[in-house]
Amino acid sequence: MTLSPGPPPWPIPPSWTVTPPRRATATTDPPPPDTGTAPPPASAPAPVEQAAPRRTIVLLTTDESTARDVPGVAVEARTPPAPAAGFAGVYALADAAARAFADGAQGVVIVHDDDALDETAWALDVLHTGEAPLVLAAGTAGAVDLADALSVAAAAPAGSGCLVVAHGEIHAARYVRRTGAHAFSSPGAGPLGRVTAGSARLQWRPPERLTVRGGPAADRTPHVGLHTAVLGDDGELLGALAERCDGLVVAGGPLDPIAGTLAAAASRMPVVLASPTGHDAFTTTSLDPLKARVLMHLLLAAGRDHDAILSAFAAAEHPGPVQL
């Protein structure tokens, strides 16, 4: 997998603007007429417009009438896979995007429902092993949001992974969260950039990426539990949940009252704490709990064992590329 150093404190270059390819100009010198006399003094040649190579962006949407070319970009609309519940739908989208990239697309835009868009974006980011950008636009996106998403897909730097474009903001899949009806933000990181008049201005470097090699095993559908430790938690519900899980993510809260239950679960399966404070006895992650659960599911589905999963979460907390 390839991992992210995240936003500050690592050095940030100045903001830079990336735009789709534009038309180029060139000059030509027409041959002088054959008049038998000396040619007149040469004048400045007139510029001649030449079309720059166009980037092809594949748009996966159920409404092909929304496909509109943007400057320097040819948009090819394709029908997305039939809706499927849960991670089956995520894998289907990942496969459709991979086919588009294999066909030569320089970027892919997926129109996706608002529901679980942040989790889906993170899962696609982990599954997408290529360098070309993959962009999600909310299903409620208007014409402006969709045009912004197409512009970002055409202009984002290589290795950007999966991005979410909404209301003129660009969000990295690792950090984006749904914060309300048709609303998204990146708590603790802020937007990766913004789109203004079709140009994407990046405010910080796209995070290095975490990717998992290999798809799901045909005979493996893991169950990953998510438990929130709260005041008065005695571990009884956690113990009942752990009996039905292949992996477990525990979010925040007081851990001492449930430490025994956690230790028992950790002896049978990978257990990760989604906590900013760390813990001496358990592996912790700075990913938000929902995305920690997504990552554990993808690792289990790909056949990674207990130690490999805990190592992956530990590696995710340090800058530098890592691949599983």
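**Before the views: what "buried" means here.** A residue counts as buried when its relative accessible area is under 20%, as exposed when it is over 50%, and as partly exposed in between. Keep in mind that this is a predicted model.

View 1. Arg209 has a relative accessibility of 6%, so it counts as buried. Asp125 also counts as buried, because its relative accessibility is 6%.

**View 2. Asp115 reaches Arg178 in another salt bridge.** The side chains of Asp115 and Arg178 meet at 2.9 Å, N to O. This pair spans 63 residues, with Asp115 in the loop between β6 (107-112) and α2 (117-127) and Arg178 in strand β10 (residues 177-180). Asp115 is exposed at 54% relative accessibility, while Arg178 is partly exposed at 34%.

View 3. Shared partners tie Glu76, Arg78 and Asp103 into one network. Across the chain, the count of salt bridges is six.

**View 4. Val108 sits in the largest nonpolar core.** That core has 52 residues, and Val108, Leu124 and Phe313 have the most contacts inside it. Helix α1 (residues 86-102) gives the most to the core, with nine residues. Leaving aside neighbours within four places in sequence, Val108 touches residues including Ile57, Leu60, Phe101, Pro133 and Ala153. There is also a second, separate core of 26 residues, with Ile170, Ala172, Ala189 and Trp204 among them.

View 5. His167 is not a glycine, yet its phi is about 55°. You'll find His167 in the loop between β8 (162-166) and β9 (169-172), and it counts as exposed at 55% relative accessibility. Ala197 has a phi near 50° and lies in the loop between β12 (193-196) and β13 (199-202). With 79% relative accessibility, Ala197 is exposed.

**View 6. Stepping back to the chain.** The chain has seven helices and 19 strands. Of its 324 residues, 46% count as buried.

How values were computed. Residues numbered from 1 in each chain as written. Predicted model: local features only at pLDDT ≥ 70, side-chain atom pairs only at ≥ 80, totals over all residues. Heavy atoms only, no water. Core = buried A, V, L, I, M, F, W, Y, C linked by side-chain atoms within 4.5 Å. Buried < 20%, exposed > 50% of the residue type's maximum accessible area, 1.4 Å probe, protein only. Helix = DSSP H or I, 4+ residues; strand = E, 2+ residues; numbered from the N terminus. Contact = heavy atoms within 4.5 Å. Salt bridge = Lys/Arg side-chain N within 4 Å of Asp/Glu carboxyl O.
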